Amino acid sequence: MADTPGSSGPASEHPHQGIRDLPARGRATCTGFIESVTHQPPSEQPFFSAIIVDALEHSSQSSIGGGGVKKPYTRLRVIWLGRDRVPGIEAGVELRLNGMVTQLDGLPAMFNPRYEILSRQEHL
């Protein structure tokens, strides 16, 4: 990564940056839980997709930031191109993701991000 000396990168600046804190575009690091995964049928071009959320429990307060202002995004779509499966990626897993954020169908998305599995949940 191209961090300049003496500056802290995104992971050290915001170690627990959530989905609602992502920029509309650009490189970012965030953490979240996998809400769902999507498998493509064999007849389609291979890609594996997951929806990442800040927390697995949904509440009306989860999308409201400080000052009562509703944040625009509560979900992140992650897409691994050319893959029909990614080891360890399943619903309930907590991840740290690093990649370029772009917009896809009204949601922020990351293509082929670097990821680190932080925890797995026994029961959903």
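This is a predicted model: local features need pLDDT of at least 70, side-chain atom pairs count only at pLDDT 80 or more; totals for chains, interfaces and linings use all residues.
1. Glutamate 35 is partly exposed, with a relative accessible area of 26%. Here buried means under 20% relative accessible area, exposed over 50%, and partly exposed in between, using a 1.4 Å probe and protein chains only. Glutamate 35 forms a salt bridge with arginine 75, and the closest N and O atoms are 2.7 Å apart. A salt bridge is a side-chain nitrogen of Lys or Arg within 4 Å of a carboxyl oxygen of Asp or Glu. Because arginine 75 lies in strand β3 and glutamate 35 in strand β1, the pair ties together parts that are 40 residues apart in sequence. Arginine 75 is itself partly exposed, at 28% relative accessible area.

2. Residues are numbered from 1 along each chain as its sequence is written, and side-chain values use heavy atoms, with hydrogens and water left out.

3. On confidence, the mean pLDDT of the protein is 78, and 69% of its residues reach 70 or more; pLDDT is the predictor's confidence in each residue, from 0 to 100. Over residues 1-15 the pLDDT is below 50, and this stretch has 10 contacts in the model beyond near neighbours in sequence. Residues 58-71 also have pLDDT below 50, with 12 contacts beyond near neighbours in sequence. A contact means heavy atoms within 4.5 Å.

4. The protein has one helix and six strands, in the order α-β-β-β-β-β-β from the N terminus on. Helices (H or I, at least four residues) and strands (E, at least two) are DSSP runs, numbered from the N terminus. Strands β2 (residues 47-53) and β3 (residues 75-81) run antiparallel and are joined by seven bridges; two strands pair if DSSP finds at least two bridges between them. β3 also pairs with strand β5 (residues 107-111), in the parallel sense, over three bridges. In that pairing, valine 78 stands opposite methionine 110 in β5.

5. Which residues do ring pairs link into a cluster? They are Phe48, Trp80 and Tyr115. Rings of Phe, Tyr and Trp (its six-membered ring) pair if their centres lie within 6.5 Å; planes under 30 degrees apart count as stacked, over 60 as edge-to-face and the rest as tilted. The whole structure holds two aromatic pairs. Phenylalanine 48 and tryptophan 80 have ring centres 6.2 Å apart and planes at 40°, so the pair is tilted. Tryptophan 80 is also the bridge partner of phenylalanine 48 in β3. Phenylalanine 48 is buried, at 1% relative accessible area, and tryptophan 80 is buried, at 3%. Tryptophan 80 and tyrosine 115 form an edge-to-face pair, 5.7 Å centre to centre with 80° between the planes. Tyrosine 115 is partly exposed, at 31% relative accessible area.

6. The count of salt bridges comes to three. Aspartate 54 forms one with arginine 20, the closest N and O atoms being 2.9 Å apart. Aspartate 54 lies in the loop between β2 and β3 and arginine 20 in the loop between α1 (10-13) and β1 (26-39), so the pair ties together parts that are 34 residues apart in sequence. Aspartate 54 is buried, at 18% relative accessible area, whereas arginine 20 is partly exposed, at 23%. Glutamate 116 and arginine 96 also meet in a salt bridge (2.8 Å, N to O).
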